[in-house]
Amino acid sequence: MTTATPTAPQPLYEDDRTGLSVETLKRAFMDNLFYIQGKFPRLATQHDYYMALAYTVRDRLLQRWISTAETYTTNKSRTVCYLSAEFLMGPHLGNNLINLGIYDQVKQAITELGLDFDALLYQEEEPGLGNGGLGRLAACFLDSLATLQIPAIGYGIRYEFGIFDQEIRDGWQVEITDKWLRFGNPWEIARPEWAVDVKLGGYTEPYTDEQGNYRVRWYPHQVIKGVPYDTPILGYLVNTANTLRLWKAEAPESFDFAAFNRGDYYGAVDEKIVSENVTKVLYPNDEPIQGKRLRLIQQIFFVSCSLQDMFRILKGQGIPVTDFHKKFAIQLNDTHPAIAVAELMRLLVDEHHLDWDTAWDITTQSCAYTNHTLLPEALERWPLDMFASLLPRHLEIIYEINRRFLDLVRERFPSDLGKVQRMSLIDESGERYVRMANLATVGSKAVNGVAALHTELLKQTVLKDFYDLWPEKFQNKTNGVTPRRWLLLSNLRLSRLIASRIGKDWVTHYEQLRQLEAHVDDPQFRQEWRDCKRAIKAELVDFIRERTGVVVDPDSMFDVQIKRIHEYKRQHLQALHIVALYNRLKRDPSLDVPARTFIFGGKAAPGYFMAKLIIKLINSIAEVVNHDPDIQGRIQVVFLPDYNVKLAQRVFPAADLSEQISTAGKEASGTGNMKFAMNGALTIGTLDGANIEIRERVGAENFFLFGLTAQEVMALRAQGYRPWEYYNSNPVLKEVIDQIASGMFSRGDTSLFRPLVDSLLNHDPYFLLADFQSFLDCQDHVSETYKDPERWTRMSILNTARTGYFSSDRTIQEYCRDIWRVSPVPIELKPYDHYQAGMRLT
């Protein structure tokens with residue numbers, strides 16, 4: 001009988017660049033501090049430590065990113081190309097740790113090295129590459145595309161300076177340059193070998209080619225080079241890492257030696273300066289014509305770069321140009337990339353010499369258009385003369401598209417001249433303009449709104465004529481948000497409480513949150529839910545004190561309105577409510593209402609005076625209310641400066657009440673409403689945007705509804721809305737308006753808020769005065785409900801449990817099924833072979 005020789009335990013081998021154990025992560029972190037940052041611990045700053053950690057995490061992404069690219073290339077996978085002028089990604093580090101599934105390991109590794117993990121997370125500069133919901137939606141979509149293993153590329157602009165940093169000085173917004181790149185960006189990789197040229201200005205000349213076909217040559221006045229910078233976007237617990245490709249503008253020749261040698265030192269770098277200005281800043285002020293020109297140049301720049309990149313991919317994979325639409329599904333995120341319709345036609349006809357009909361068929365099968373607004377002024381249009389001077393060839397193409405299209409319209413509606421005029425790609429009712437929404441609609445196979453009401457109103461109002469012509473083009477795709485960032489990362493406490501009851505599968509199967517309903521009547525679970533919320537609120541209290549100096553009560557109701565400042569979003573309606581409540585408490589200190597902390601946050605566009613005045617009003621009310629000893633602790637008002645994704649991740653989890661109070665019919669969808677609800681906040685809102693669907697899903701009894709409907713708003717406007725009548729007939733409203741006008745909240749200055757008061761009394765375009773009393777009555781109902789903690793907690797749990805529909809995973813699945821016709825492509829990683837690379841860890 002032979003006795004088997006015992007085998008020694010096999011050593012664990014891990015590559016320092018891909019290993020996920022705590023010891024390997026520690027070693028990789030120290031290597032990156034030394035070899036990438038060039039520092040040793042005694043000299044290293046917190047930022048050095050952050051960079052070392054970011055590179056450690058990026059190494060793990062690269063393995064997946066390269067495997068993904070290799071798989072897509074080998075399989076020639078059909079790919080979604082998401083074109084957006086904004087990508088408000090938020091900090092990458094925490095999100096990548098969550099999606100890699102190594103958050104706890106990395107935290108342990110960093111802690112064992114004697115460093116503060118949370119402080120390193122906070123070091124990351126947020127890429128301010130978006131203004132609000134549009135850019136954040138694009139970011140959520142990229143997360144879901146990767147998580148669902150859908151081949152995708154996000155195309156946009158690498159703005160050197162993003163959305164401004166906001167400071168509050170004497171109650172006013174002050175814009176500070178957002179220098180998000182000043183310390184470098186560890187997540188991106190430049191790809192100068194894939195740079196392309198973009199033409200501007202000049203003139204065109206027709207000619208006949210060798211086959212006798214009519215062709216056009218474009219002789220540009222200026223050429224700008226677009227250089228791509230790539231960032232990996234990893235899915236949650238999958239190997240798929242898609243690409244965010246952002247374009248930076250450069251001069252083809254950055255230095256003119258001849259000019260320099262002549263002594264023209266400024267001229268030597270003039271072309272560099274002019275070209276780089278194109279991607280210098282997010283959304284330049286487009287009031288002056290120079291700003292409009294720059295906006296249009298930005299749009300054609302990133303669209304042309306992106307389409308040329310698609311042709312590069314097509315060529316590299318050996319796919320014929322005539323199959324472009326089979327390879328790519330192009331989604332136009334609002335009208336900013338709408339010029340893609342004309343540019344794709346130009347590339348197909350002028351550069352690849354396809355005939356017009358074939359090129360048009362490819363274009364209309366490739367493109368789809370998402371509309372994000374019902375505000376006519378937000379539907380972009382460009383002065384014709386300016387457009388012609390910058391894009392002469394594109395204007396010729398648009399004229400030809402328009403000629404053929406209007407022939408179709410006249411054929412379908414032979415006696416309706418008004419319809420022809422409204423649907424034309426050229427607005428000729430005065431100064432002539434190119435209508436970009438019309439171009440996007442004509443050149444796309446599908447047009448979608450972003451909430452059920454929004455889509456219906458699109459069909460009935462701004463795009464009604466196009467719906468009459470092509471009803472089959474129109475779809476609804478209600479927006480969603482990624483639960484990875486907005487619950488799992490932002491609210492770890494609540495995520496762990498949820499997982500303790502229903503497991504962790506809800507992170508990618510969000511509808512499973514419905515299982516929480518089985519626990520809503522469990523007193524222990526409700527108490528744990530309240531304890532969780534209280535702990536999160538206490539953390540926000542510390543942050544508020546640190547940022548503003550205001551000390552708030554964590555046991556008060558956190559009544560939150562954080563979003564872009566705009567009159568239609570009606571932050572000033574909440575301000576009127578605060579003054580009315582203040583007056584009631586001054587008159588009757590024994591009034592039985594729960595203490596409230598009103599939390600605001602948001603940025604106003606630099607040129608939007610009324611929005612900036614609303615910020616000043618909120619801060620002026622805070623100055624009076626917060627320092628009134630009679631009100632001490634009953635009401636507090638806080639404006640958190642510099643609202644961004646980082647700040648939002650702190651505030652959403654702590655909110656008790658979510659203010660979604662826009663004028664009905666004005667908000668396309670909203671996504672903040674979804675983030676609040678999934679974190680257990682209750683909503684007070686109008687029947688606007690996605691509020692309607694949130695109310696349907698969570699239950700009318702778990703939603704605080706007030707205000708006019710969209711139909712009632714339209715009817716009131718049609719019959720002649722007179723805000724003065726509401727002012728004169730409502731003593732509470734009259735008192736509030738008079739106090740603001742009197743200088744009570746402006747240190748006696750009666751002129752400061754006069755523009756706001758005059759607008760409300762004489763115009764009130766967003767119907768604040770009409771909705772005021774309904775809003776107050778609903779707020780009283782909120783207060784009564786909050787006084788019953790068990791009832792409030794039950795409503796809070798049901799809000800979270802019933803928000804599964806609002807995951808961006810569901811939205812993306814609908815796009816894939818109904819518009820893009822794209823299927824998942826799973827990615828396999830090759831196992832690590834220590835004989836080829838080996839680091840040995842025993």
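Predicted model: local features only at pLDDT ≥ 70, side-chain atom pairs only at ≥ 80, totals over all residues.
Colleague: Why is Arg722 called partly exposed?

Modeller: The relative accessibility of Arg722 is 45%, and because buried means under 20% and exposed over 50%, with partly exposed in between, Arg722 counts as partly exposed. Arg722 lies in the loop between α28 (710-719) and α29 (723-729), and its C-alpha is 9.5 Å from that of Leu769, although the two are 47 residues apart in sequence.

Colleague: What makes the approach of Gly720 to Arg722 a polar contact?

Modeller: The backbone oxygen of Gly720 lies 3.1 Å from a polar atom of the Arg722 side chain, and the pair therefore falls within the limit of 3.5 Å.

Colleague: Why are Cys81 and Cys305 called buried?

Modeller: Cys81 has a relative accessible area of 0%, and Cys305 also has 0%; buried means under 20%, so the term applies to both.

Colleague: What makes β21 and β24 the edge strands?

Modeller: The open sheet has six strands in the order β21-β20-β19-β22-β23-β24, with parallel pairing, and β21 (635-640) and β24 (704-705) each pair on one side only.

Colleague: How do you know that β19 and β20 pair?

Modeller: Strands pair if at least two bridges are found between them, and strand β19 (residues 557-562) and strand β20 (residues 596-601) have six bridges, in the parallel sense; Met557 stands opposite Arg596 in β20.

Colleague: Which helices lie across β20 and β21, and at what angles do they run?

Modeller: Helix α23 (residues 571-587) lies across β19, β20, β21 and β22 (657-660), running at about 155° to β20, while helix α24 (residues 609-625) lies across β20 and β21, at about 140° to β21.

Colleague: Which residues of helix α13 are buried, and what do they pack against?

Modeller: In helix α13 (residues 356-366) the buried residues are Trp356, Ala359, Ile362, Thr363, Thr364 and Ser366, and they pack against elements including β12 (328-333), α12 (340-351) and α15 (392-412). At the start of α13, a side-chain oxygen of Asp355 reaches to within 3.2 Å of the backbone nitrogen of Asp357.

Notes
Residues numbered from 1 in each chain as written. Heavy atoms only, no water. Helix = DSSP H or I, 4+ residues; strand = E, 2+ residues; numbered from the N terminus. Contact = heavy atoms within 4.5 Å. Axes fitted to C-alpha atoms, helices over the stretch in contact; angles between N-to-C directions. Buried < 20%, exposed > 50% of the residue type's maximum accessible area, 1.4 Å probe, protein only. Polar contact = N/O pair within 3.5 Å; in protein donor to acceptor, adjacent residues only side chain to side chain.
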